[in-house]
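Here is a quick tour of some packing details, from ring pairs to a surface patch. Have the model open as you read.

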Amino acid sequence: MLNNRLALLLVTALAPAIWGTTYLVTTEFLPPGRPLLAAVIRALPAGLLLVALTRRLPKGDWWWRSLVLGTLNIGAFLALLFVAAYRLPGGVAATLGALQPLIVAGLSTGLLGERLTRRTVLAGVAGVAGVSLLVLQSTARLDAIGVAAAAGGAVVMATGVVLSKRWTSPAPLLATTGWQLVAGGLVLVPVTLAVEGAPPSALSGANLAGYAYLALIGAAFAYALWFRGIRALSATHVTFLGLLSPVVATLLGWLVLGQRLTPWQLLGAAIVPAAVVGAQLRTLGRTGADKYQPLTTARRDTDAEMV
């Protein structure tokens, strides 16, 4: 049981690690000034591909649930992230985004029946501190709209994570992932056209390769891993893995782009994984039946079948 849990955590951690490569791919391969277009191309084609492969459409409540989850996890989150990125230094946006595990932990107490522990709170605070050391600059300036967008992005994705755990789809994982990607992409289309205008008329080979990577690896593959982890593990423990994204982005900037790391950044890069591991200790210590869904035995059985 312990080995299975550890393996599932490591596989789920691949998703935020992959998302940490987005900055590098965007700056080195994609057309400048088109972040919303990148988000649409990342989500919509990947979702349509998964729907085509699984040949499953939503039924009943899952039409509106897919729209809600896709908007929260992808559409609204990426739109708010875009506003925050343009109005705030990246470090401020990332630090506010690091509040997400604490928000998920709070929401999970009411919606999922999970217990909020001191270990979770301390790990969440340490995660925010580690990310701030890693990415926050002393010259950073705050903007009210940017701060609201960054905080709103953390809240909407945290809500999406918790609802993804609460609403267990009867459909295969890839189909459910595809529905959310399509919904999120469609929500982003009108926003993209209004803000950025029509897509560029010509794309280079590097542009196409970058978009293909974001769609196939950054969306279809990574989101499937992420939602699989949410189905099988505690929502709170899964969302702590998201703190790995700024660590990967910073390390890639150092390794590939030659960016310099300060001693404070190195300290932050050490604190964040420690916070992630600290949040998982109770998970790895459990060797009995799954205790993540304390509400009903039937709920636990349903989740076990989905793994």
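## Aromatic pairs

Tyr223 is buried in this predicted model, at a relative accessible area of 4% (buried is under 20%, exposed over 50%, partly exposed in between, with a 1.4 Å probe and protein chains only). Trp19 counts as buried too, at 14%. The structure holds five aromatic pairs (Phe, Tyr or Trp rings, taking the six-membered ring of Trp, with centres within 6.5 Å; planes under 30 degrees apart are stacked, over 60 edge-to-face, the rest tilted). In one of them, the rings of Trp19 and Tyr223 have centres 4.9 Å apart and planes at 50°, so this pair is tilted. It ties together distant parts of the chain, with Trp19 in helix α1 and Tyr223 in helix α10, 204 residues apart (helices are DSSP runs of H or I, at least four residues, numbered from the N terminus). Ring pairs also link Trp19, Tyr223, Trp226 and Phe227 into a cluster.

How are the rings of Trp64 and Trp167 arranged? Their centres lie 5.4 Å apart and their planes sit at 80°, so the pair is edge-to-face. Trp64 is partly exposed at 43%, whereas Trp167 is buried at 15%.

## Buried helix residues

Thr177 sits in helix α9 (residues 173-196) and counts as buried, with 0% relative accessibility. Skipping residues up to four places away in sequence, Thr177 touches Leu50, Tyr223, Ala224 and Phe227 (contact means heavy atoms within 4.5 Å).

Over in helix α4 (residues 62-87) you'll find Ile74, buried at 1%. Beyond four places in sequence, the contacts of Ile74 include Gln180, Leu181, Gly184 and Tyr223. The C-alpha atoms of Ile74 and Gly185 are 7.5 Å apart, though 111 residues separate the two along the chain.

## A nonpolar patch

Helix α10 gives the largest share, three residues. Ile217, in α10, is partly exposed at 33%.

## Ground rules

Numbering runs from 1 along each chain as its sequence is written, and side-chain values use heavy atoms, leaving out hydrogens and water. Local features need pLDDT of at least 70 and side-chain atom pairs 80 or more, while totals for chains, interfaces and linings use all residues.

Notes
Helices (H or I, at least four residues) and strands (E, at least two) are DSSP runs, numbered from the N terminus.
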